[in-house]
Amino acid sequence: MYSEYILNTYKRNELLLKKGHGSWLMDHLDNEYLDMVAGIAVNSLGYSHPKLVAVMKEQSELLWHVSNLYWTKEQGVLAEKLIELSDHSKVFFCNSGTEAVEGALKTAKKYGQNINVQKKKVICFNHSFHGRTLGALSVTAQEKYLKSFGVNTEDVIVCEFNNLEEVTSKISDEICGIIVEPVQGEGGIYPGTQGFLSGLKTLADSNDILLIFDEVQCGIGRMGTFFAYEHFNVVPDVVCMAKGLGGGVPIGAFLVNKKAEVLTYGDHGSTFGGNPLICSLSKAVVDEISKKEFLKEVKLKSKKLKEGLLILKEKNNLIREVRGEGLMIGIELKTKASEVVEAGLKNNLLLISAGEYVLRLVPPLIIKEQEIELFLNKFEDILKQL
Ligand SMILES: Cc1ncc(COP(=O)(O)O)c(C=O)c1O
């Protein structure tokens, strides 16, 4: 059915999945797999989380969708919760990460246009990934995603990630926004340095520029703080979110502070954005993940995973580097990551790469300590087999 009816845009693993529980997925033959992918950093509360199942059941009998022509309590309550947790004043709901980025870019463009018509350029970084729509692609500085589409990058300036000096040299009256992933995901798991990110904030503040953090992959608890920006102690003007925000249902959002509150009636919209079914589930996810105890656990698990990997690195010369923050860890290998992903599958372990030689670990945030140990044992065996 896939080869017959679905456009061939993905490289899929040969695995037919039917259900999941906690950090485990089950295939059609009832084989179980420990999941270190979490639907690409989405299923932070794992599979079949009882609270989410209960909310889904309850809300599904009330209301799913009405459009943004009307109010629903669910959208208001989620918005209130996100604003309470953040340092921002307003939110816009959409359906995916790339849409959150589009909204953030429109915000920066309008902010610039309100100051002067030349102020329309955006700074982004090498290795970045911000999504697949044309606007998001324009700030995704990786040729492999852009080729064939004639993406307009006229108003985009690409700087080297973590090179504050270069960004400083590119600042002018024409820049309206800087967009950055605090920890680059698809590009290979590269964390921004504290000095770099806070330097960007200073540049943005003193040059009438909006600083946009794309936290689509690294946010919502993955750093051991609710927002990734809290981990780096730098508050951006705009925060893009998606993935983990819905725990498996499609939701995106961006937050703005007072400085970035520029979009007004008619400027932006989404038919599905913020519908009551999605918002009620997202609220349950946010309630759970924003608990102090939950976030503390993420930090402890991150420490355990990183320490285990560093010990493995000493024992096994296939590991070149272990990097990352929280439960978003990259393992740079001397062998192709795809080989390890394939071997993982044979060992009932689901893995994902981030670039050719980097294995990316983005497990459900609810992963248990014993499961981390199990992963480390399996991973050691796989490396030995290779
Ligand atoms: C940092 C970042 N921004 C944006 C996106 C795009 O999100 P989506 O696939 O939901 O459109 C991704 C997806 O991987 C991402 O990692």
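Which residues does the domain assignment of the protein give to domain 1, and which to domain 2? Domain 1 is made of 2-49 + 292-385, and domain 2 of 63-289, with bounds that come from an automatic or database domain assignment. Before I go on, please keep in mind that this is a predicted model, in which local features need pLDDT of at least 70 and side-chain atom pairs count only at pLDDT 80 or more, while totals for chains, interfaces and linings use all residues. Residues are numbered from 1 along each chain, as its sequence is written.

Let me start with how the two domains meet. Taken over C-alpha atoms, the centres of domain 1 and domain 2 are separated by 26 Å. The contact takes 25 residues from domain 1 and 24 residues from domain 2, where two residues are in contact if their C-beta atoms, placed from the backbone, lie within 7 Å. On the side of domain 1 that touches domain 2, the elements giving two or more residues are α2 (38-41), α12 (292-315), β13 (319-325), β14 (328-333) and β17 (358-361); helices (H or I, at least four residues) and strands (E, at least two) are DSSP runs, numbered from the N terminus. The largest share of that side, 5 residues, comes from α12.

Now to the ligand. Of the 14 residues around the ligand, those that come nearest are G97, T98, G131, V216 and Q217, and a residue is near a molecule or strand if its C-beta atom, placed from the backbone, lies within 6 Å of it. Helix α5 (residues 97-115) gives the most to this shell, with 3 residues.

Next, please look at strand β6 (residues 156-159), whose covered face holds I157 and C159, and whose uncovered face holds V156 and V158. Strand β5 (residues 121-125) pairs with β6 in the parallel sense over 4 bridges, and two strands pair if DSSP finds at least two bridges between them. V158 in β6 is the bridge partner of C124.

Finally, where is V151 placed? V151 sits in the loop between α7 (143-146) and β6. V151 counts as partly exposed because it has 17 C-beta neighbours inside 10 Å; a residue is buried if 20 or more other C-beta atoms lie within 10 Å of its own, exposed if 12 or fewer, and partly exposed in between, with C-beta atoms placed from the backbone. Leaving aside neighbours within four places in sequence, V151 is in contact with L134, L137, S138 and L146.
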